[in-house]
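Here is a short briefing to read alongside the model. Please keep the sequence and the 3D view open as you go.

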Amino acid sequence: MAPGLEKRSLVLAGHRTSLALEEAFWTALDQAAAARGLALARLVEEIDSGRTEGSLASACRLFALAQARRAD
């Protein structure tokens, strides 16, 4: 695993998976999930179901970026 990445295991749609992101992205996802009243895994499921290409990690980073841009 690349330096600076934190790997977490999640259950998405009944299947265990792991996802490696930088701490800042995990923080952004945790905050977004809390703001929506969702478990982190549920938010990641929503992100996963909406992606049309690329990896889940990329989709999560893009989601976090979009959230940060809306906050500005």
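For counting charges, Lys and Arg are positive and Asp and Glu negative, while His and the chain ends are not counted. The place of a charge is taken as NZ of Lys, CZ of Arg, CG of Asp or CD of Glu. On that basis the chain has 9 positive and 9 negative side chains, with the centres of the two sets 3 Å apart.

Please note that this is a predicted model, in which local features need pLDDT of at least 70 and side-chain atom pairs count only at pLDDT 80 or more, whereas totals for chains, interfaces and linings use all residues. Residues are numbered from 1 along each chain as its sequence is written, and side-chain values use heavy atoms, with hydrogens and water left out.

**Overall fold**

- The chain holds 3 helices and 2 strands; these are DSSP runs numbered from the N terminus, with helices being H or I of at least four residues and strands being E of at least two.
- Along the sequence, the elements follow the pattern β-β-α-α-α.
- A compact globule of 72 residues would have a radius of gyration near 11 Å, and the 12 Å of the chain agrees with this; the radius is taken over C-alpha atoms, and the globule rule is 2.2 Å times the number of residues to the power 0.38.
- Taken along the principal axes, the C-alpha atoms fill a box of roughly 35 × 30 × 25 Å.

**Surface and contacts**

- Of the 72 residues, 25% count as buried, where buried means under 20% relative accessible area, exposed over 50% and partly exposed in between (1.4 Å probe, protein chains only).
- The accessible surface of the chain comes to about 4700 Å², and 51% of it belongs to carbon and sulfur atoms; the areas come from the Shrake-Rupley method with a 1.4 Å probe, and for residues only the protein chains shown count as cover.
- Among contacts (heavy atoms within 4.5 Å) in the chain with a separation of 6 or more, 38% are between residues 24 or more positions apart.

- Glutamate 22 is partly exposed at 28% relative accessibility, and arginine 61 is partly exposed at 22%.

- Arginine 36 forms a salt bridge with glutamate 46, with 3.7 Å between the closest N and O atoms.
- That pair also links distant parts of the chain: arginine 36 sits in helix α1 (residues 23–36) and glutamate 46 in helix α2 (residues 40–50), 10 residues apart.
- Arginine 42 and glutamate 45 meet in another salt bridge (3.1 Å, N to O).
- Because they are 3 residues apart in helix α2, arginine 42 and glutamate 45 are separated by about one helical turn.
- Salt bridges that share partners join Arg36, Arg42, Glu45 and Glu46 into one network.

**Glutamate 23**

- Glutamate 23 is in helix α1 and is exposed, with a relative accessible area of 55%.
- Not counting residues up to four places away in sequence, glutamate 23 touches Gly4 and Glu6.
- The C-alpha atoms of glutamate 23 and lysine 7 are separated by 9.5 Å, and the two residues are 16 residues apart along the chain.

Technical notes
A salt bridge is a side-chain nitrogen of Lys or Arg within 4 Å of a carboxyl oxygen of Asp or Glu.
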